[in-house]
Amino acid sequence: MKQYGVMLIGCGHIGCEHLAGIYCQDNIRIEAVVDVNAETARRTARQYAARHYGTDYRPFLSDPAVEIVIIATYVASHLSILKDCLAHGKHVLCEKPIAASIDEGRAFYEAVKRASSQVLIAHILRHNQSYIRIRQLIAQGAIGELKLMRMVQNHHAMNWSRYRRLLEDCSPIVDCGVHYIDVMQWFAGCRVCQVSGIGASLEPDSKHPNYGMITLKLENGCIGYYEAGWSRNTASANVKEFIGTKGRITLTMRDHRSQDQEEGDLISVYHSDTGVYETINLQAPYKDMYAQISTLIDMIERHTPGNPTIEEVYSAFCVAMEADRAIREGAILTLEQPSF
């Protein structure tokens with residue numbers, strides 16, 4: 001079994017989640033961790049047995065021991081770091097969203113397409129077993145023709161300083177929305193063709209609207225909505241519901257179950273023709289970081305397509321950016337999806 005040397009850039013919340021899921025795996029070696037805060041980098045290196053740490057990632061790019069780079073920095077830096085990594089022949093796992101503007105998003109996509117290295121974007125729900133099972137149920141016709149998808153992901157931002165910094169680059173509709181727009185297109189098997197939305201700034205020191213609700217129409221006629229808010233004043237909420245002509249599927253994550261949390265995630269399938277509820281319990285890590293990096297390793301070793309592909313990532317990104325524009329302009333936008 002080949003062991004891959006990994007460097008993490010960005011030792012914040014999501015960066016450490018990456019390390020927690022992979023550092024003890026036999027085919028992973030944490031070669032370096034990097035953060036602009038030297039003490040944060042030092043502590044993270046100690047916690048996850050990294051061989052080296054520092055405040056500048058660039059010297060490590062010349063080290064052949066570093067083969068995979070995880071980019072877990074703020075979104076505005078993703079493109080420049082990606083270009084540096086690719087110039088040194090490194091494979092990359094980059095956190096979403098790929099960029100904070102349409103122009104940089106296109107440049108990111110084009111850089112990946114030109115690269116000889118493999119690049120995977122961290123749409124972690126693609127590697128979540130509960131979402132994979134729901135997609136299979138929909139494809140098998142468990143609820144008939146898919147007609148409506150309801151998604152809510154609101155955060156009670158107790159650590160407001162963390163969220164305020166995230167909001168300097170983009171709104172929750174972009175930052176988190178790329179996940180759920182991708183899920184909608186993945187489940188429906190087609191692209192979003194129309195989007196509209198409303199939003200609000202619930203905090204006086206938020207650069208971007210920190211609450212938004214968008215409505216989507218997909219090419220097959222299915223509709224969906226996504227609600228996202230980060231605020232000290234919003235309650236946490238998590239709704240994942242998929243409704244078809246013969247019933248519905250509801251996902252309740254383990255941590256949101258009122259009882260039986262030890263059973264894992266709860267998938268409830270209602271069959272309207274019989275009135276029967278089918279219950280599926282799944283032990284599924286919400287963020288399966290090792291499954292995700294294993295996908296990148298498969299891409300490296302077997303040249304398998306990404307999951308999602310860079311085309312799927314870019315499509316969801318463009319929809320999220322247009323949804324954000326729809327909120328700002330109060331418009332209903334008909335989308336022309338990018339051609340590949």
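Trainee: How many bridges join strand β9 to strand β10?

Mentor: This is a predicted model, in which local features need pLDDT of at least 70, side-chain atom pairs count only at pLDDT 80 or more, and totals for chains, interfaces and linings use all residues. Residues are numbered from 1 along each chain as its sequence is written, and side-chain values use heavy atoms, with hydrogens and water left out. Strands are DSSP runs of E with at least two residues, helices runs of H or I with at least four, numbered from the N terminus, and two strands pair if DSSP finds at least two bridges between them. Strands β9 (residues 211-218) and β10 (residues 223-231) run antiparallel, and the bridges joining them number seven.

Trainee: Which strands stand at the edges of the nine-stranded open sheet?

Mentor: The pairing in this sheet is mixed, and the order is β14-β13-β12-β11-β7-β10-β9-β8-β15. Each edge strand has a single partner, so one side of each is left without a neighbour in the sheet; the two are β14 (276-282) and β15 (332-334).

Trainee: At what angle do helices α3 and α4 pack?

Mentor: Axes are lines fitted to C-alpha atoms, for helices over the stretch in contact, and angles run from 0 to 180 degrees between N-to-C directions. The axes of α3 (residues 78-87) and α4 (residues 102-114) are 10 Å apart, and the packing angle is about 15°.

Trainee: Is A122 buried or exposed?

Mentor: A122 lies in strand β6 (residues 119-122). Buried means under 20% relative accessible area, exposed over 50%, and partly exposed in between (1.4 Å probe, protein chains only). At 1% relative accessibility, A122 therefore counts as buried.
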